[in-house]
Amino acid sequence: MKYHLYIFILISELVYGLIHRCPYPELIHPCICTQNQERYVSMKCDKMDFKKWIEHAKNFRPTLIDLFEVSDLKIDFVSKGTFQKLWIHDLILKNCEMNKCDLFHSLQGLQDSLRMLVLENCTIGEWIESNGNSFIHLEILKISNLRSAIDINEIIPNFPRKNLIEIELSKCEISHLKDKSLSKFNRLEKFELMNNKLKFVRRNVLPRPALHLKYYGLSDNPITTLADDMFLDMPRIKYISLSGTLITTLSFQIFMSVWDQLEEIYLKNIPIVCDCKTVWILKEEKPTKIEAPDCYQPKNLKGINILNVTGNLLCTFRGA
């Protein structure tokens with residue numbers, strides 16, 4: 001029995017070694033493939049005619065690619081089957097223009113391998129809805145600087161729900177999120193909405209409780225106030241980023257449920273009013289890393305970092 005197991009392992013390693021490598025350069029030119037000492041395979045294809053790229057994709061089979069980056073392509077439509085018989089762990093589409101995007105349908109063939117999907121600086125004319133739940137190994141989904149007329153809220157329901165642990169939607173012109181729009185992502189550990197147009201975010205956008213959430217990023221949004229229950233039922237939250245928002249008050253009642261467990265908090269460049277409502281931040285034990293804001297008001301404290309202001313200049317501490 002042990003002998004048969006040994007033979008099986010030996011054959012598996014041999015097959016794995018044959019496919020986990022760069023294809024011959026003449027088969028993939030002008031794409032470039034590199035492989036480091038740890039056998040990490042990285043392939044990049046850029047500024048190619050799309051039809052030529054489709055032909056090249058056939059030459060990648062069968063190959064296991066750890067990182068596959070495609071950039072500067074103008075694509076009418078990526079048809080089903082383009083990625084068949086390929087094993088790609090991390091896929092990056094960068095600076096691509098797509099007249100039509102049927103995202104998860106076009107990626108059929110990668111359900112058993114895709115771990116990370118990134119759309120960066122992409123322009124999409126028409127976004128066709130397709131369900132991504134068959135991508136059970138997808139853990140990281142990042143969409144940044146998306147140029148499209150479609151509301152991102154219409155796309156979110158198609159994200160695969162099973163194992164997604166990181167969602168980043170930055171520079172996507174998001175002005176609102178529908179209630180419970182991300183409540184199905186129960187394994188979510190990191191959620192980032194940097195540099196959008198959000199003025200307010202409700203707590204019920206995320207799962208409740210958010211048992212696995214560690215990082216919550218809302219920096220560079222015109223958010224003026226935080227929901228009273230903003231951080232409730234987040235037992236594992238460690239990092240919060242609110243830098244570059246328009247928040248004027250840091251209420252102890254909002255932060256009290258998570259303040260003791262935070263490791264990092266980012267509050268730079270917010271127009272904070274340094275008064276009795278914020279004096280608690282001087283008294284409470286601080287996270288290991290805190291980027292505290294400079295006072296915006298009152299005038300006599302403007303420009304002074306709140307951590308450098310003595311409590312008696314604000315008010316007598318009363319627990320906020």
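Predicted model: local features only at pLDDT ≥ 70, side-chain atom pairs only at ≥ 80, totals over all residues.
Strand S6 (residues 97-101) runs parallel to S4 and is joined to S4 by two bridges. Lys-74 has Glu-97 in S6 as its bridge partner. In general, the strands of a sheet pair through backbone hydrogen bonds, either parallel or antiparallel.

Helix H3 spans residues 50-59, and its residues Phe-50, Trp-53, His-56 and Ala-57 are buried. Seen down the axis of H3, the buried residues fall within an arc of 105 degrees, so they line one face of the helix. The buried residues of H3 are covered by elements including helix H2 (25-28), strand S2 (41-46), S3 and strand S4 (74-75).

Strand S3 covers residues 64-71 and contains Ser-71. Ser-71 counts as buried because its relative accessible area is 7%, which is under 20%. Leaving out residues up to four places away in sequence, Ser-71 touches Cys-45, Asp-46, Lys-47, Lys-94 and Cys-96.

Strand S7 (residues 116-120) holds Leu-119, a buried residue with a relative accessible area of 1%. The C-alpha atoms of Leu-119 and Lys-94 are separated by 6.1 Å, although the two residues are 25 residues apart along the chain. Apart from its neighbours within four places in sequence, Leu-119 is in contact with Leu-93, Leu-103, Trp-127, Lys-142, Ile-143 and Ser-144.

The discussion now turns to the nonpolar cores. The largest nonpolar core has 91 residues, of which Phe-68, Leu-91, Phe-159, Phe-191, Tyr-216, Phe-231 and Phe-255 touch the most other members. Another core, of five residues, lies apart from this one and has among its members Leu-67, Ile-92, Met-116 and Val-118.

In one of them, the side chains of Lys-94 and Glu-69 meet at 3.9 Å, N to O. This pair links distant parts of the chain, with Lys-94 in strand S5 (residues 87-94) and Glu-69 in strand S3. Lys-94 is partly exposed, at 25% relative accessible area, whereas Glu-69 counts as buried at 13%.

Another salt bridge is formed by Glu-173 and Lys-197, whose closest N and O atoms are 2.6 Å apart. Glu-173 lies in the loop between strand S10 (166-170) and strand S11 (190-192), and Lys-197 in the loop between S11 and strand S12 (215-217), so the pair ties together parts that are 24 residues apart in sequence. Arg-202 and Asp-179 also meet in a salt bridge, at 3.7 Å, N to O. Arg-202 lies in the loop between S11 and S12 and Asp-179 in the loop between S10 and S11, so this pair ties together parts that are 23 residues apart in sequence. Finally, salt bridges that share partners join Lys-142, Glu-166, Lys-190 and Glu-192 into one network.

Terms used
Residues numbered from 1 in each chain as written. Heavy atoms only, no water. Helix = DSSP H or I, 4+ residues; strand = E, 2+ residues; numbered from the N terminus. Buried < 20%, exposed > 50% of the residue type's maximum accessible area, 1.4 Å probe, protein only. Contact = heavy atoms within 4.5 Å. Arc of directions from axis to C-beta. Pairing = 2+ DSSP bridges. Core = buried A, V, L, I, M, F, W, Y, C linked by side-chain atoms within 4.5 Å. Salt bridge = Lys/Arg side-chain N within 4 Å of Asp/Glu carboxyl O.
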